[in-house]
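Please have a look at the sequence and the model below.

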Amino acid sequence: MMHKMFKINTKTVSATSSTTSFSGGSSGASGNSSNGNTGNQGPRFGMFLVGATYLDTIMHVQSFPNEDTKQRAERVEQRRGGNAANTAEILGQDPKAKVWYMSSMPSPVASKVLLKALEESNVRTESCVFHSSQLAPPQAYIISSMDSGTRTIISHSNLPDLTLEEFVKKFDAACLREGMTDLTQMTCPFRWIHFEGRGSDVYKMIDHVESVYIRQGWRHKLTISVEFEKGDRPGIKNLLQQADVCFFSKLYAETLGFDRPEDFLSSIGDFCKPSATLFCCWGAMGAVGLHLESRTRFSSSAGKIDLVVDPVGAGDSFIAGVILALGVRGLDIGRGLRFACELASQKCSQYGFKRLLRSSEV
């Protein structure tokens with residue numbers, strides 16, 4: 001089976017090597033794809049994201065508190081959270097992107113506050129699954145320290161995870177809605193599908209996506225990406241062989257005993273799909289990428305900003321930057337990594353995600 005390869009541009013300089021373009025869909029992909037995704041003409045680039053959604057309460061403090069002490073917050077805010085949801089909100093700000101989001105949600109009334117910002121960013125949410133008996137959204141309480149630029153998260157949810165049956169029903173309906181150009185012809189509805197790595201059912205969901213796209217002859221046009229944030233989630237290692245693109249957190253690497261992203265990617269690559277491209281964020285140190293097929297490594301420092309005010313969602317912004325750069329805009333891996341790091345840094349310099357792309361255009 002042929003999978004899409006991202007461009008490798010040997011003339012582009014990265015911090016550690018010559019740059020490689022990213023290949024994720026058709027093997028003939030180039031900087032300006034001929035799929036109609038560039039400029040203002042032609043169809044928009046379809047994306048489908050799956051993850052958990054939270055109501056975040058963020059307390060911005062000057063320094064992280066000591067245990068059993070009392071401290072005043074400099075600022076408190078509530079906003080919709082969730083990794084893939086944050087990524088979807090940013091992607092929806094690009095006029096060339098067509099973004100769908102699926103999540104297990106509380107009752108429609110309790111979900112209104114969670115979906116508002118997504119829908120304002122042109123993200124379609126009709127694939128979400130609502131649970132009428134759940135009257136409150138999942139909660140996340142976040143302490144954001146201005147001195148260290150860290151954020152510490154405590155979360156709680158009574159919502160059931162998405163089931164395979166729910167995913168199949170909603171995903172197939174979305175494919176029909178997006179891909180049916182007339183009564184006789186179906187076109188490829190989504191070019192990039194992203195999952196939070198949350199357990200064994202995600203493995204089955206990706207299997208279903210593969211079967212649909214192989215049956216329709218679309219698989220070479222599709223990039224499947226998975227975020228690996230926490231290494232202790234059941235069944236998450238099984239997803240390594242399914243993803244065309246893997247996004248690893250610093251926490252995931254450290255959980256496995258690594259203190260350098262380069263060493264981690266070199267090691268974990270042995271367990272991934274041979275044609276995959278891997279990325280690992282390392283906070284203020286920037287990020288590293290590895291194109292497995294060519295064994296080309298990339299690195300980028302974090303973007304320069306005057307002041308860190310809100311690091312919550314920086315990793316989600318990085319993922320959005322990679323998807324935009326490699327999928328929508330057809331950049332090579334080195335330039336895409338640099339853009340993603342700049343976008344993540346820009347996120348740290350502002351509260352929330354509104355108009356984030358306006359200050360981070362390539």
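In the contact between α3 and α4, Leu164, Phe167, Val168, Phe171 and Asp172 of α3 meet Asp201, Lys204, Met205, His208, Val209, Val212 and Tyr213 of α4; contact means heavy atoms within 4.5 Å. These residues divide into 8 nonpolar, 1 polar and 3 charged, where Ala, Val, Leu, Ile, Met, Phe, Trp, Tyr, Cys and Pro count as nonpolar, Asp, Glu, Lys and Arg as charged, and the others, Gly among them, as polar.

This is a predicted model: local features need pLDDT of at least 70 and side-chain atom pairs pLDDT 80 or more, while totals for chains, interfaces and linings use all residues. Numbering starts from 1 along each chain as its sequence is written, and side-chain values use heavy atoms, without hydrogens and water.

| Item | Value |
|---|---|
| α3 | residues 164-179 |
| α4 | residues 200-216 |
| Angle of α3 and α4 | about 30° |
| Axes of α3 and α4 | 9 Å apart |

Now for Glu196, which lies in strand β10 (residues 192-196). Glu196 counts as buried because its relative accessibility is 4%, and buried means under 20% (exposed is over 50%, partly exposed in between, with a 1.4 Å probe and protein chains only). The Glu196 side chain reaches the backbone nitrogen of Ala52 at 3.3 Å.

Gln134, finally, sits in the loop between β7 (129-130) and β8 (139-145).

Conventions: Helices (H or I, at least four residues) and strands (E, at least two) are DSSP runs, numbered from the N terminus. A polar contact is a pair of N or O atoms within 3.5 Å; within protein, one must be able to donate a hydrogen and the other to accept it, and residues adjacent in sequence count only if both atoms are side-chain atoms. Axes are lines fitted to C-alpha atoms, for helices over the stretch in contact, and angles run from 0 to 180 degrees between N-to-C directions.
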